[in-house]
Amino acid sequence: MLTPVVDEDGAPFWGYAAQGELRVQTCADCAEPRFPPRPCCPHCQSFASEWRQVSGRGRVWSYVVPHPPLLPDYAELAPYNVIVVELADAPRIRLVGNLVTGPDAPLNSLPPDRIRIGARVQVVFTRAGLPQWVLERP
(Lines give C-alpha, C1' and ligand atoms only; values in the text may rest on other atoms or scores of the structure.)
Protein backbone atom coordinates (compact mmCIF):
# COMPACT_ATOMS: atom_id res chain seq x y z
CA MET A 1 0.00 0.00 0.00
CA LEU A 2 1.02 3.57 -0.56
CA THR A 3 2.40 5.67 2.25
CA PRO A 4 2.51 9.46 2.27
CA VAL A 5 5.56 11.35 1.16
CA VAL A 6 6.21 13.56 4.16
CA ASP A 7 7.89 16.90 3.57
CA GLU A 8 8.72 19.62 6.09
CA ASP A 9 5.49 21.56 5.49
CA GLY A 10 3.21 18.52 5.70
CA ALA A 11 4.97 16.65 8.54
CA PRO A 12 2.70 18.12 11.26
CA PHE A 13 -0.43 16.97 9.37
CA TRP A 14 0.83 13.37 9.35
CA GLY A 15 2.07 13.61 12.95
CA TYR A 16 -1.37 14.63 14.16
CA ALA A 17 -3.04 12.00 11.96
CA ALA A 18 -0.86 9.32 13.58
CA GLN A 19 -2.37 10.47 16.90
CA GLY A 20 -5.91 10.22 15.49
CA GLU A 21 -6.40 13.97 15.03
CA LEU A 22 -7.38 15.80 11.87
CA ARG A 23 -5.74 19.22 11.85
CA VAL A 24 -5.26 21.76 9.10
CA GLN A 25 -2.65 24.45 8.78
CA THR A 26 -4.18 27.85 9.53
CA CYS A 27 -2.75 31.33 9.17
CA ALA A 28 -2.00 32.73 12.62
CA ASP A 29 -2.62 36.27 11.32
CA CYS A 30 -5.77 36.12 9.13
CA ALA A 31 -7.11 32.75 10.44
CA GLU A 32 -7.59 31.34 6.92
CA PRO A 33 -7.14 27.54 6.79
CA ARG A 34 -5.04 26.15 3.96
CA PHE A 35 -4.31 22.81 2.39
CA PRO A 36 -1.95 21.58 1.20
CA PRO A 37 0.36 22.96 3.88
CA ARG A 38 2.86 25.59 2.76
CA PRO A 39 5.12 28.19 4.34
CA CYS A 40 3.20 31.32 3.29
CA CYS A 41 -0.49 32.20 3.54
CA PRO A 42 -1.93 32.64 0.04
CA HIS A 43 -4.43 35.20 1.39
CA CYS A 44 -2.30 37.62 3.43
CA GLN A 45 1.25 36.39 2.69
CA SER A 46 2.01 35.85 6.39
CA PHE A 47 4.54 33.20 7.37
CA ALA A 48 2.88 32.70 10.78
CA SER A 49 0.84 29.50 11.01
CA GLU A 50 -0.66 27.05 13.48
CA TRP A 51 -2.36 23.66 13.24
CA ARG A 52 -6.03 23.78 14.20
CA GLN A 53 -8.02 20.68 14.94
CA VAL A 54 -11.15 20.29 12.83
CA SER A 55 -14.20 18.16 13.55
CA GLY A 56 -13.40 15.58 10.87
CA ARG A 57 -16.91 15.93 9.49
CA GLY A 58 -17.52 16.74 5.86
CA ARG A 59 -19.37 15.79 2.74
CA VAL A 60 -18.45 13.91 -0.41
CA TRP A 61 -17.64 16.64 -2.92
CA SER A 62 -16.63 14.25 -5.71
CA TYR A 63 -15.53 10.66 -6.23
CA VAL A 64 -14.19 8.19 -8.75
CA VAL A 65 -14.18 4.40 -8.94
CA PRO A 66 -11.07 3.35 -10.91
CA HIS A 67 -11.57 0.54 -13.46
CA PRO A 68 -8.94 -0.88 -13.89
CA PRO A 69 -6.78 0.42 -11.05
CA LEU A 70 -4.04 2.82 -11.98
CA LEU A 71 -1.54 1.12 -9.66
CA PRO A 72 -0.89 -2.65 -9.94
CA ASP A 73 -0.70 -3.08 -6.14
CA TYR A 74 -4.41 -2.20 -5.97
CA ALA A 75 -5.63 -4.58 -8.70
CA GLU A 76 -7.09 -7.14 -6.29
CA LEU A 77 -9.07 -4.40 -4.49
CA ALA A 78 -10.86 -3.13 -7.61
CA PRO A 79 -13.37 -1.70 -7.73
CA TYR A 80 -12.56 0.73 -4.92
CA ASN A 81 -13.35 4.39 -4.47
CA VAL A 82 -11.35 7.58 -4.15
CA ILE A 83 -13.34 10.48 -2.74
CA VAL A 84 -12.81 14.21 -2.33
CA VAL A 85 -14.18 15.47 0.99
CA GLU A 86 -15.14 19.07 1.63
CA LEU A 87 -14.59 19.73 5.34
CA ALA A 88 -17.66 20.99 7.24
CA ASP A 89 -15.75 23.52 9.35
CA ALA A 90 -13.32 24.57 6.60
CA PRO A 91 -15.28 24.33 3.31
CA ARG A 92 -12.40 25.63 1.20
CA ILE A 93 -10.38 22.61 2.30
CA ARG A 94 -10.87 19.42 0.31
CA LEU A 95 -9.07 16.22 1.22
CA VAL A 96 -8.66 13.08 -0.89
CA GLY A 97 -9.19 9.67 0.66
CA ASN A 98 -11.29 6.52 0.57
CA LEU A 99 -14.81 5.88 1.83
CA VAL A 100 -14.72 2.66 3.87
CA THR A 101 -16.93 0.82 6.37
CA GLY A 102 -14.64 1.45 9.35
CA PRO A 103 -11.07 2.06 10.50
CA ASP A 104 -8.59 -0.23 8.73
CA ALA A 105 -11.33 -1.63 6.46
CA PRO A 106 -10.18 -2.50 2.94
CA LEU A 107 -10.51 0.17 0.24
CA ASN A 108 -13.25 -1.90 -1.40
CA SER A 109 -15.29 -2.46 1.79
CA LEU A 110 -18.08 -0.10 0.73
CA PRO A 111 -19.94 -0.93 -2.49
CA PRO A 112 -19.57 1.89 -5.06
CA ASP A 113 -23.36 2.19 -5.41
CA ARG A 114 -23.56 3.45 -1.80
CA ILE A 115 -21.54 6.59 -2.59
CA ARG A 116 -23.40 9.82 -3.23
CA ILE A 117 -22.22 13.36 -3.88
CA GLY A 118 -23.14 15.35 -0.79
CA ALA A 119 -23.18 12.34 1.56
CA ARG A 120 -22.07 13.29 5.06
CA VAL A 121 -18.88 11.60 6.19
CA GLN A 122 -16.66 11.43 9.27
CA VAL A 123 -12.91 10.85 9.37
CA VAL A 124 -11.45 7.67 10.85
CA PHE A 125 -7.78 6.72 11.02
CA THR A 126 -5.98 3.51 10.14
CA ARG A 127 -3.49 2.02 12.58
CA ALA A 128 -0.82 3.53 10.34
CA GLY A 129 -2.34 7.01 10.81
CA LEU A 130 -3.89 7.45 7.37
CA PRO A 131 -7.18 9.36 7.30
CA GLN A 132 -10.10 7.51 5.73
CA TRP A 133 -13.80 8.32 5.72
CA VAL A 134 -16.99 6.58 6.85
CA LEU A 135 -20.61 7.51 6.19
CA GLU A 136 -22.14 9.39 9.13
CA ARG A 137 -25.35 7.38 8.79
CA PRO A 138 -24.67 4.07 7.04
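D104 is found in the loop between β6 (94–97) and β7 (120–125). Strands here are DSSP runs of E with at least two residues, and helices are runs of H or I with at least four, numbered from the N terminus. This is a predicted model: local features need pLDDT of at least 70, side-chain atom pairs count only at pLDDT 80 or more, and totals for chains, interfaces and linings use all residues. Residues are numbered from 1 along each chain as its sequence is written, and side-chain values use heavy atoms, with hydrogens and water left out.

**Positive phi**

Most residues other than glycine have a negative phi, and most peptide bonds are trans. D104 is not a glycine, but its phi is positive, near 65°. D104 is also partly exposed, with a relative accessible area of 34%. Partly exposed lies between buried (under 20% relative accessible area) and exposed (over 50%), using a 1.4 Å probe and protein chains only.

Where is A31? A31 sits in the loop between β1 (23–27) and β2. Its phi is positive too, about 70°, and A31 is not a glycine. The relative accessible area of A31 is 38%, which makes A31 partly exposed.

| Cis peptide bond | Omega |
|---|---|
| F35 to P36 | near 5° |
| A78 to P79 | about -5° |

Which loops hold the two prolines? P36 lies in the loop between β2 (33–34) and β3 (49–53). P79 is in the loop between β4 (57–64) and β5 (82–87).
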